[in-house]
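Please read this briefing alongside the sequence and the coordinates. The notes are grouped by topic, from the overall fold down to single residues.

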Amino acid sequence: MNEEFLNQFGLRYNEKGILLLSGADLLDISKEFGTPLYVFSKDLFKKNINEFKSALNENFKNHFLLYASKALSIKEIYRILNVEGLGADVVSMGEILTALSVGFNPSLLYFHGNSKSDEDLTFAIEKGIKIVVDNESELNSIIRISQSIEKVSHILLRVKPGISPNTHSYIITGHLESKFGVSLEEGKNLLSIALKNRYIDFLGFHYHIGSQILDYDAFKKSAEEISLFLMGIKKELGYVPRELNVGGGFGIPYVPNDKRVDKKEFIRAIKDGLLTHIENLDDFKILIEPGRALIGDTGLILYRVLRKKFVNSKEYLFVDGGMGDNIRVPLYGARYTIANVKRREGKIKNYHIFGKYCESGDIVAFDTPLEEVEEGDYIAVFPAIAYTYSMASNYNRFTRPPVVIVENGKGRLVVRRETYEQLMQNDI
């Protein structure tokens with residue numbers, strides 16, 4: 001295993017050949033909390049936060065960092081965000097209530113989504129949560145609700161810059177056929193409607209071109225389109241937004257040959273694009289909302305190898321988790337790096353690794369080089385904390401794993417393992 005690549009994720013082997021995450025012994029953690037198990041490092045999370053803050057400080061006078069909750073939405077995350085002074089992008093009542101349950105300031109929440117119910121919107125308006133409006137129907141509902149309860153709504157409008165970055169088709173969101181947001185022309189029309197209503201506080205615009213993007217130029221091009229749009233509405237309507245949310249989507253490396261990226265380059269590309277048609281960026285606040293780029297490279301999933309099997313001379317490993325705790329491999333064809341939790345100093349062998357679910361697509365990894373593995377050994381799949389726990393399921397009636405945070409060289413439980421009693425509690 002390439003030591004330099006391991007170190008990017010706060011991982012290293014100690015003198016006993018045991019894998020450490022931010023100094024914490026992952027073999028001990030595996031045995032203490034059981035597997036499958038999600039583990040992430042608080043220090044690495046805070047490091048990413050500080051690097052994005054530094055990048056924003058270097059490029060924009062007025063800015064604010066948000067965390068995209070859907071990457072990992074648990075109480076502990078919002079406690080850390082509170083301390084670090086971040087806001088949060090939320091997409092459901094579940095995420096909203098999780099944040100509020102630990103005292104998160106509702107005015108620092110930005111409520112996204114293309115299909116918010118009137119009940120969702122009423123709750124957000126009453127709490128003072130900012131709403132990122134997706135479509136004309138939603139805007140009409142917000143106006144109606146705000147008038148009926150006589151409370152001003154604070155909104156941004158999501159627009160589509162018409163850019164298709166190089167990433168998986170399921171996670172492209174800025175092209176004109178995307179289900180999210182409205183075209184720039186429709187955005188101008190909806191702005192005109194909103195500005196005439198005294199119950200609407202129109203803060204500005206939001207756009208987001210996709211996820212797991214490693215190409216800086218995609219961010220520059222989308223910002224150029226938005227820059228031209230903002231110049232146009234200033235001339236035509238005299239409107240200058242107070243906030244511009246440029247979204248997230250900043251990618252991270254998953255395997256050694258993935259491109260290494262620099263947070264500052266992402267932010268600089270956005271700034272350069274916006275300056276194409278806007279002379280002064282100090283007129284409004286720039287918001288960004290990374291999720292994966294904040295939490296994704298801070299953690300991993302630990303599995304125990306239960307069985308080995310030979311199939312046509314290929315060696316299969318069967319682990320105690322799989323697609324129920326990480327759907328991204330069968331869903332997106334996502335790739336991960338796999339490491340032995342304890343080195344055996346044996347020869348390197350290539351393994352096909354599968355989960356325990358009754359599904360042929362229950363794949364962890366193909367042709368993965370590892371030091372020779374025996375039944376009962378533990379392996380680490382990384383970086384695997386973003387979009388894993390948050391997309392976990394009870395498929396086959398398996399329970400969902402717990403989450404452990406590493407701080408001061410020790411693991412601490414922040415989400416308990418689901419029990420079979422909890423699995424059945426809603427059945428009648």
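The structure is a predicted model, in which local features need pLDDT of at least 70, side-chain atom pairs count only at pLDDT 80 or more, and totals for chains, interfaces and linings use all residues. Residues are numbered from 1 along each chain as its sequence is written, and side-chain values use heavy atoms, with hydrogens and water left out. The protein contains 13 helices and 21 strands, where helices (H or I, at least four residues) and strands (E, at least two) are DSSP runs numbered from the N terminus.

**Overall dimensions and surface**

- For 428 residues a compact globule would have a radius of gyration near 22 Å, and the 23 Å found for the protein agrees with that; the radius is taken over C-alpha atoms, and the globule rule is 2.2 Å times the number of residues to the power 0.38.
- The C-alpha trace spans about 70 × 55 × 40 Å along the principal axes of the protein.
- K196 and G321 are 125 residues apart in sequence, and their C-alpha atoms are 54 Å apart in space.
- Of the 428 residues, 55% are buried, which is to say under 20% relative accessible area, whereas exposed means over 50% and partly exposed lies in between (1.4 Å probe, protein chains only).
- Among contacts with a separation of 6 or more, 68% are made by residues 24 or more positions apart, a contact being heavy atoms within 4.5 Å.
- The 54 positive and 56 negative charges have mean positions 2 Å apart; Lys and Arg count as positive and Asp and Glu as negative, with His and the chain ends not counted, and each charge is placed at NZ of Lys, CZ of Arg, CG of Asp or CD of Glu.

**Nonpolar cores**

- In soluble globular proteins, nonpolar side chains tend to be buried together.
- The largest nonpolar core has 105 residues, of which Y67, F205, L274 and I295 touch the most other members; such a core is a set of buried Ala, Val, Leu, Ile, Met, Phe, Trp, Tyr and Cys residues joined through side-chain atoms within 4.5 Å.
- Helix 9 (residues 216-237) gives this core its largest share, eight residues.
- Apart from neighbours within four places in sequence, I295 is in contact with F40, F45, Y67, A71, L72, I77, I385 and A386.
- A second, separate core holds 25 residues, including L26, L37, L302 and F382.

**Helix 4**

- The buried residues of helix 4 (residues 75-84) are E76, I77, Y78, I80, L81 and E84.
- After helix 4 comes G85, with a positive phi near 75°.

**Around helix 8 and strand 11**

- K196 lies in the loop between helix 8 and strand 11, and it counts as exposed because its relative accessibility is 74%.
- N197 lies in the loop between helix 8 (184-195) and strand 11, yet N197 counts as buried because its relative accessibility is 15%.
- Leaving aside neighbours within four places in sequence, N197 is in contact with I143 and Q147.
- D201, in strand 11 (residues 200-206), is buried at a relative accessible area of 16%.
- With neighbours within four places in sequence again set aside, D201 is in contact with V152, S153, H154, I155 and R242.

**Backbone features**

- Most residues other than glycine have a negative phi, and most peptide bonds are trans.
- T35 and P36 are joined by a cis peptide bond with omega about -5°, and P36 lies in the loop between helix 2 (26-33) and strand 4 (37-41).
- Another cis peptide bond joins F382 and P383, with omega about -15°; P383 lies in the loop between strand 19 (378-382) and strand 20 (403-407).
- N396, in the loop between strand 19 and strand 20, has a positive phi of about 65° although it is not a glycine, and N396 is partly exposed at 32% relative accessible area.
- R397 lies in the loop between strand 19 and strand 20, has a positive phi near 60° despite being a residue other than glycine, and counts as partly exposed at 40% relative accessibility.
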